[in-house]
Amino acid sequence: ISFALTLVPTVALIDVLMKDISARETIKALRCFVKLNEVNIIAYTHFAQEEMGNVDAVEQLKESKNDCMDAGATKYIGRYTELTLADNLREFWEKKEK
């Protein structure tokens with residue numbers, strides 16, 4: 001959070017399944033600062049493909065995703081890949097240029 005306050009990025013990436021701190025609480029904290037209100041917060045996950053059969057893990061992912069969106073994330077892109085990230089960043093910059 002202090003890093004974001006110092007840099008005021010255009011985009012912040014947050015894993016919905018962070019282990020040390022709640023992604024939901026991190027997003028809520030970022031949104032508390034007026035100078036970070038315009039930051040695009042992209043929520044994603046590194047959820048492994050092999051975990052897709054684990055019903056409890058999938059439910060936790062869905063709940064975490066919904067919590068992040070409710071907390072103020074701009075968009076949820078699902079499972080992180082370089083292509084998914086690039087497509088979404090391009091979309092944000094195109095909107096910004098208009």
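Predicted model: local features only at pLDDT ≥ 70, side-chain atom pairs only at ≥ 80, totals over all residues.
## Helices α2 and α3

Two packed helices are described by the angle between their axes and the distance between the axes. For helix α2, residues 23-31, and helix α3, residues 55-71, the angle is about 10° and the axes lie 8 Å apart. Angles under 35 degrees count as roughly parallel, and α2 is therefore roughly parallel to α3.

On the α2 side the contact is made by Ala-23, Arg-24, Ile-27, Lys-28 and Arg-31, while α3 contributes Asp-67, Cys-68 and Ala-71.

## Helix α4

Helix α4 spans residues 82-97, and its 16 residues reach 22 Å from the first C-alpha to the last, which is close to the 22 Å expected at 1.5 Å a residue.

Within α4, the residues Leu-85, Asn-88 and Phe-92 are buried. Seen down the helix axis, the buried residues fall within an arc of 75°, so they line one face of α4. The cover over these buried residues includes the strands β1 (11-15), β2 (40-45) and β3 (75-79), whereas the face turned away from the buried side carries the exposed residues Glu-82, Leu-83 and Glu-97.

## Ile-14 in strand β1

Ile-14 belongs to strand β1 and is buried, with a relative accessible area of 6%. Leaving aside residues up to four places away in sequence, Ile-14 touches Ala-23, Thr-26, Ile-27, Leu-30, Ile-41, Ile-42, Ala-43 and Tyr-44. Ile-14 and Arg-24 are 10 residues apart along the chain, and their C-alpha atoms are separated by 9.4 Å.

How values were computed: Residues numbered from 1 in each chain as written. Heavy atoms only, no water. Axes fitted to C-alpha atoms, helices over the stretch in contact; angles between N-to-C directions. Helix = DSSP H or I, 4+ residues; strand = E, 2+ residues; numbered from the N terminus. Parallel < 35°, antiparallel > 145°, perpendicular 65-115°, else oblique. Contact = heavy atoms within 4.5 Å. Expected span 1.5 Å × (residues − 1). Buried < 20%, exposed > 50% of the residue type's maximum accessible area, 1.4 Å probe, protein only. Arc of directions from axis to C-beta.
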